[in-house]
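Trainee: I would like to learn how to read a protein structure, one feature at a time. Could you go through one with me?

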Amino acid sequence: MIENKFYSVDDFELLCRQLNSKSKKIITFINPFSYTIISKRQDIICNFDMLFVDGALLVHLNNIFFEKKIKRVSFDFSSVANMLFESADKLKFKIALVGGNFEENKSCLEYLSEKYTNIDFSLSRHGFFDTDYEREKYILELKDKNVDIIISGMGTPLQEDFLLETYFKTHATLFITCGGFITQTGISKGEYYWPIINKLGLRWLQRFILHSHVRNRLIKVYPSFVINYLLKGVRK
């Protein structure tokens, strides 16, 4: 069951402290939209080591019906992104940040490179591949240049599929999704959420206001998700 792989922020903190370990870890962050997709993908559920819940709605529903209680964990600067980058900076790691369009990726990397000067981000690129050959060539480069961490922000399930492919084809030890982090950081230069929104825990509302795809998800996907999850919880 997918809920068995939900982990807490303390587990992420421990993961960051053990970055120098040679054991491979592949993790993703899910919300009600991606939950609907990933819960039907046994290859993702079975192969991913840890799932973190990014979204108050799913957190609350999980905590009502399941014994294992969780809190929101998101790969952004309002949550755990800085924790990972600071640990990688101390170890002078190579990180490939894959996602966003060309300008978003470039802007994000400029910000991160100034903030974490010991991390080598040179293997990063935007998330669009014109051909399978281009994709394979890039993955081979990640392998040959011994990248340490691969972070993918290409939307679910593309980002999970990309990480699964690189997991088996490269020498990296941490594979992690980041959703819209690259785009958001590229646009905002770090502090994407307005301070009052962060303080009140209304991050979903800001994204609802700013992004049409978020509005579509909340209107079209979330109601059916809530109904299905309630039915699942009651059956349990």
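Predicted model: local features only at pLDDT ≥ 70, side-chain atom pairs only at ≥ 80, totals over all residues.

Trainee: What holds strands side by side in general, and in which sense do strand 1 and strand 2 pair?

Mentor: In general, the strands of a sheet pair through backbone hydrogen bonds, and the pairing is either parallel or antiparallel. Here strand 1 (residues 25–30) pairs with strand 2 in the parallel sense, over four bridges. Strand 1 also pairs with strand 5 in the parallel sense, this time over three bridges. On that side, Lys25 stands opposite Leu174 in strand 5.

Trainee: Is strand 1 largely enclosed or largely open?

Mentor: It is largely enclosed by the rest of the structure, because five of the six residues of strand 1 are buried.

Trainee: In what order do the strands of the sheet come?

Mentor: The order is 2-1-5-4-3, in an open sheet of five strands with parallel pairing. Strand 2 (50–53) and strand 3 stand at the edges with a single partner strand each, so one side of each has no neighbour in the sheet. From one strand to the next, the twist averages 15 degrees.

Trainee: Which strands does helix 5 touch?

Mentor: Helix 5 packs on the sheet and touches strand 3, strand 4 and strand 5 (174–177). The direction of helix 5 makes about 150 degrees with that of strand 4.

Trainee: How do I read a single residue? Take Gly99: is it buried or exposed?

Mentor: Look at the relative accessible area, where buried means under 20%. Gly99 has 0%, so it is buried. Gly99 lies in strand 3 (residues 95–99). Leaving aside neighbours within four places in sequence, Gly99 is in contact with Asn105, Arg125, His126, Gly127, Gly153, Met154 and Ile182. Gly99 and Thr177 are 78 residues apart along the chain, and their C-alpha atoms are separated by 9.8 Å.

Trainee: And where is Phe66 placed?

Mentor: Phe66 sits in the loop between helix 4 (56–65) and helix 5 (81–90). Phe66 counts as buried because its relative accessibility is 6%. Not counting residues up to four places away in sequence, Phe66 touches Met1, Glu3, Tyr229, Lys232 and Lys236. From Phe66 to Gly233 there are 167 residues in sequence, but 7.9 Å in space, C-alpha to C-alpha.

Trainee: What should I look for in the backbone?

Mentor: Most residues other than glycine have a negative phi, and most peptide bonds are trans. Lys92 is not a glycine, yet its phi is positive, about 55 degrees. Lys92 is in the loop between helix 5 and strand 3, and at 60% relative accessibility it counts as exposed. Asn146 likewise has a positive phi, near 55 degrees. Asn146 belongs to the loop between helix 7 (132–144) and strand 4, and at 44% relative accessibility it counts as partly exposed.

Trainee: Which residues does a cis peptide bond join?

Mentor: Thr156 and Pro157, with omega about 5 degrees. You can find Pro157 in the loop between strand 4 (149–153) and helix 8 (158–169).

Terms used. Residues numbered from 1 in each chain as written. Heavy atoms only, no water. Helix = DSSP H or I, 4+ residues; strand = E, 2+ residues; numbered from the N terminus. Buried < 20%, exposed > 50% of the residue type's maximum accessible area, 1.4 Å probe, protein only. Contact = heavy atoms within 4.5 Å. Pairing = 2+ DSSP bridges. Axes fitted to C-alpha atoms, helices over the stretch in contact; angles between N-to-C directions.
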